[in-house]
Amino acid sequence: MARSLSYSDAVKLLGGRGKAVKALDTLTGGALLAATAGGTQFVLSLFDAKAEMAKVGGELVAGLAEKISGLGRFDRTQRLEAAHAVIVLTAYFEAIAECGLPDLDLDRAEQLAVATRGSAGSNPRLSSVTRHLLRTQVPSVGPHRPDERELEAYYLALSESLGQFVTGLAIWDDLDGTRQARIVRALREDVPAHAIRRHDEMLRRLAADFPEVAFWINLGEHSVTRATLRSGLTELEHVLARIASDRAPDGRREELACRYRAELSRGVLRTGDVPPGLIIPALEDAYIDHQFRAADLSPFSRPDHQDWWADIPVRDDLYGYLLGYLTSLKAVRGPLLLLGQPGSGKSVLTKVLAARLPASDFLVVRVSLRETPADSDLQGQIEYAIRDATGETLSWPALARTADGALPVVLLDGYDELLQATGVSQSDYLERIVQFQEREADQGRPVAVVVTSRTTVADRVRVPPDGVVVLHLEPFHPGQVERWLKVWNEANEPFFETRGLLPLPVTSALAHATLAEQPLLLMMLALYDADDNALQRDDDNLDQAQLYERLLNRFAEREVAKSSANLDSQDFARAVEEDLLHLSLTAFSMFNRRRQWITEDELNTDLASLLKEAGPVSGIHSPLSPAQRVVGKFFFVHQSQAVRAETRLTTCEFLHATFGEFLVARLVVRELAELARDAEHAARRTRQANSDDGFLRVLLSFVPISARSSITYFIAALCHELPKRGLIRQLLQEHFGAALAPQRESAYGSYAPAQSPMPARYAAYSVNLVLLIALLGPLRASDLFPGSPDPVNDWRRHTLLWRSQLSDDEFRSLTLCFIPRRVKRGASRDLILSPVQPFARIDPTWAYDDLPTLDTFRMANVGAYADTALLCDELTDLLLHASEPLENLTEVFHRRPDGSYASAAHELTELIRVTVEDEAPESLTAHYDACLDAITIDDPDSPLYLRMIFRQLALDAERLPRNWLALIERRFQDEIQGDQQLGELARRAFTAHGEGQPA
């Protein structure tokens with residue numbers, strides 16, 4: 001399918017055989033209607049009749065309203081795109097007419113000379129001009145108007161072709177250089193710039209008459225103010241209704257439309273999740289347009305990375321953007337990919353859009369991919385959705401043929417669910433959508449497609465070569481939170497009055513902005529506050545960990561109360577804790593698989609291994625698995641579904657990643673408390689387990705908790721209220737000492753969320769124990785290795801194990817938790833592990849046990865290169881690569897006046913650094929002194945080292961004091977006389993003696 005119209009195509013669409021087309025066809029030698037390359041007469045017309053040609057272009061666009069009256073949506077869009085194509089070329093013709101090509105007015109003889117050069121077929125330059133003007137695809141306009149650079153490039157290409165023809169004329173050589181330069185400059189600069197201005201002027205005039213064109217170029221009506229609660233998509237419906245064809249939809253299209261409109265009156269959340277009497281606002285009232293970013297997606301784009309979006313501006317005209325997109329040809333040439341975070345409202349947006357597009361001009365089919373067969377092709381998925389919406393089995397071609405001018409729009413909601421629920425590669429899904437659109441266009445059934453997905457899986461999508469448009473929903477800003485809360489508070493005013501509650505103010509919600517900025521999580525905060533104004537009471541002194549603890553407890557209590565109303569307080573508390581334990585194990589199932597989601601089968605397996613859960617429980621319709629009982633209770637656990645081979649495949653994830661991270665931290669801290677109680681023979685646990693660290697070990701033997709920074713934050717926050725911290729530290733240190741010892745068979749031996757070899761599991765568990773101890777308070781290496789003569793060496797052996805078994809990202813995540821501080825206890829080295837602090841400079845006196853008392857000495861670094869060759873550590877390779885030119889100088893040390901030590905290589909590189917920073921003379925001399933003091937005169941590398949210093953000295957001599965230079969000259973007189981190259985460098989340095997700084 002052609003990506004855009006050519007001028008020739010546009011003229012045919014607009015004019016048919018009218019007077020304007022006939023006149024233009026005469027000017028172009030029949031080129032337009034014949035769709036041929038044209039002849040010499042066409043190029044002559046550019047000079048002889050260019051003004052008339054511009055006039056004809058204007059006549060083509062004039063009367064357009066009458067021409068498109070009553071047309072269907074796609075035909076109307078085609079005519080408007082054609083009008084834009086004519087405008088693009090008309091602007092160029094007018095630019096030629098108004099700017100003129102100086103000194104190139106052809107008389108009849110010169111025109112005859114041009115004509116005798118042959119026809120377009122035998123004249124490559126002439127053929128190029130006509131091809132560019134008539135056959136080249138014109139830059140189209142769409143939901144974000146064409147980049148001015150694209151239009152400028154198009155005009156420059158036209159001028160280049162025209163310029164090649166002009167410079168080939170017989171009279172060109174008769175012009176002097178000045179005249180030739182003026183013509184070339186006019187074509188390259190004046191004409192394109194003027195054409196762009198005229199294009200914008202004419203496009204704005206077209207937009208004044210046709211609302212969709214106004215939205216193409218972001219000039220649409222802004223009757224939706226930020227102060228009103230009226231949804232922008234409601235305005236989209238009103239604008240489209242005003243320009244609709246007034247054709248009554250057929251029965252099937254009306255049935256689909258009625259189904260989708262009915263969704264507007266339903267609540268945005270199932271009523272079973274709310275207290276009795278609380279009102280969940282209807283979708284049409286609660287929906288608020290998001291801010292968004294939009295861009296063209298190429299195969300090299302990274303829309304899953306936040307940095308990729310950084311330079312793309314945020315917009316707040318979502319309804320206008322979608323209106324412009326769906327009324328442009330861009331919509332039928334590729335899909336619109338709609339991205340957002342879980343709970344951001346992607347599915348809600350597709351529901352509202354399906355309800356708001358007028359049935360007179362749009363044939364909408366909304367496909368919930370979680371409900372359709374995943375192993376079916378795209379057409380099968382659409383047909384499944386048609387049957388689900390209407391109850392009637394109907395083929396897509398049969399339905400599309402009834403469109404009668406309406407534009408079919410397919411809304412595919414949940415590509416990410418299809419991807420993760422099936423576990424099958426769907427990376428070519430967008431490419432298959434494009435192929436579907438191309439086939440439908442070839443059959444005369446052009447179709448627009450919108451597909452939604454979570455942002456985090458966008459990297460698994462293969463982008464078609466021609467790219468697609470991607471739109472990213474932004475989090476709610478404070479004004480949107482305020483608007484949503486106004487709807488919520490007004491709907492529940494009777495509920496609040498009955499219960500003696502206050503409406504939820506925006507300040508309380510925004511105190512937890514990371515939740516409030518996502519619509520579904522904002523509702524979670526509102527539901528929490530609806531119980532005794534809990535959020536308002538605590539928002540002044542509640543940290544994130546405390547909020548999550550109370551939120552999750554409150555929702556668990558509500559679920560237990562619904563199913564087990566007759567429990568006494570102790571059993572009720574136990575049931576709540578069991579629900580939270582199940583949720584925590586769900587979070588661990590995701591964390592230990594290094595994912596944000598888990599399949600139902602995987603979760604069932606994990607629960608059976610860790611809790612010995614019973615099998616499915618019979619329900620009314622079908623047995624409930626342990627996983628279904630866990631995740632089905634809580635609306636903040638999102639279930640993704642797909643159907644394959646008549647089997648429903650389900651995955652789940654938390655609506656916000658930090659919910660899962662908090663639950664991981666919560667269970668870890670609970671286990672630490674359990675270990676302390678077991679050690680004191682306290683109360684029984686809420687689960688059956690051995691009294692050792694078996695349960696904690698099996699959970700923490702796969703991934704370091706530092707891999708998610710929020711987990712370590714939550715653990716540290718929860719540990720503040722943990723009793724018996726000293727005992728817990730002692731127990732963890734004991735378990736660390738036994739972490740690498742052979743383990744007896746565990747009661748949880750079947751738990752295997754990942755295929756990890758035993759060394760990797762030892763590494764993960766030992767590093768997690770160290771992290772937990774350090775989060776409880778400062779930790780010394782000597783505490784981990786009591787009785788060791790060299791705890792630093794033991795520490796190094798463990799870190800090498802971690803480095804070898806953890807991934808690069810996991811190992812480096814440790815530095816986000818702590819950097820060991822190097823200390824000495826008497827003559828022994830030690831390390832203190834505490835929360836991250838500034839990295840200390842390397843101290844050789846700590847690295848080496850015994851340093852000579854000499855002022856300069858060599859410390860042989862035997863095997864450094866061999867070691868790194870064996871280890872293949874990229875960071876060590878990087879450092880050795882940087883120091884390789886100074887390899888021998890890294891071994892030469894000297895003692896500084898303050899008693900510290902430094903290598904000659906260190907001093908030299910420091911000197912080079914400060915010489916370019918315009919240091920004061922006294923600072924420079926101090927660095928030169930440090931370099932020269934590091935020399936061992938008898939060292940074989942000393943001459944080379946001196947030459948490097950003196951070469952730099954020759955460059956800096958004018959900046960240095962004269963008396964200091966004289967001292968250096970006397971100090972190294974023997975070396976200068978004994979080394980010819982050094983002597984030459986010294987002469988260059990000391991000849992500036994008299995020009996140096998005063999003494």
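Among contacts in the protein (heavy atoms within 4.5 Å) between residues at least 6 apart in sequence, 73% join residues at least 24 apart. This is a predicted model, in which local features need pLDDT of at least 70 and side-chain atom pairs count only at pLDDT 80 or more, while totals for chains, interfaces and linings use all residues. Residues are numbered from 1 along each chain as its sequence is written, and side-chain values use heavy atoms, with hydrogens and water left out.

**Overall composition**

- The secondary structure comprises 48 helices and 15 strands; these elements are DSSP runs numbered from the N terminus, with helices being H or I of at least four residues and strands E of at least two.
- Of the 999 residues, 54% count as buried, where buried means under 20% relative accessible area, exposed over 50%, and partly exposed in between, with a 1.4 Å probe and protein chains only.
- The protein exposes about 44200 Å², of which carbon and sulfur atoms supply 50%; accessible areas come from the Shrake-Rupley method with a 1.4 Å probe, and for residues only the protein chains shown count as cover.

**Helix pair α45 and α48**

- Helix α45 (residues 942–956) packs against helix α48 (residues 980–990) at an angle of about 25°, and their axes are 8 Å apart; axes are lines fitted to C-alpha atoms, for helices over the stretch in contact, and angles run from 0 to 180 degrees between N-to-C directions.
- The two helices α45 and α48 are therefore roughly parallel, given that angles under 35 degrees count as roughly parallel, over 145 as roughly antiparallel, 65 to 115 as roughly perpendicular and the rest as oblique.
- The crossing of α45 over α48 is left-handed, which describes a near helix turned anticlockwise from the far one by less than a right angle.
- On the α45 side the contact involves L946, R947, F950, R951, L953 and A954, which meet Q981, L982, L985, A986, R988, A989 and F990 in α48.
- By class, this contact of α45 with α48 has 9 nonpolar, 1 polar and 3 charged residues; Ala, Val, Leu, Ile, Met, Phe, Trp, Tyr, Cys and Pro count as nonpolar, Asp, Glu, Lys and Arg as charged, and the others, Gly among them, as polar.

**Helix pair α18 and α21**

- The axes of helix α18 (residues 378–390) and helix α21 (residues 429–442) come within 10 Å and cross at roughly 80°.
- That angle makes α18 roughly perpendicular to α21.
- Residues L378, Q379, Q381 and I382 of α18 make the contact with Y429, R432, I433, F436 and R439 of α21.
- The contact of α18 with α21 has 5 nonpolar, 2 polar and 2 charged residues.

**An enclosed helix**

- In helix α16 (residues 318–326), 9 of the 9 residues are buried, so this helix is largely enclosed by the rest of the structure.
- The buried residues of α16 include Y319, Y321 and Y325.

**Loop residues**

- S140 is found in the loop between α9 (124–135) and α10 (148–167), and is partly exposed with a relative accessible area of 26%.
- S245 lies in the loop between α13 (232–242) and α14 (251–262), and counts as buried at 12% relative accessibility.
- The C-alpha atoms of S245 and A406 are separated by 8.7 Å, although these residues are 161 residues apart along the chain.
- D532, in the loop between α26 (519–529) and α27 (534–538), is not a glycine but has a positive phi of about 65°.
- At 54% relative accessibility, D532 counts as exposed.
- R594, in the loop between α29 (569–591) and β7 (598–599), has a positive phi near 60° and is partly exposed, with a relative accessible area of 44%.
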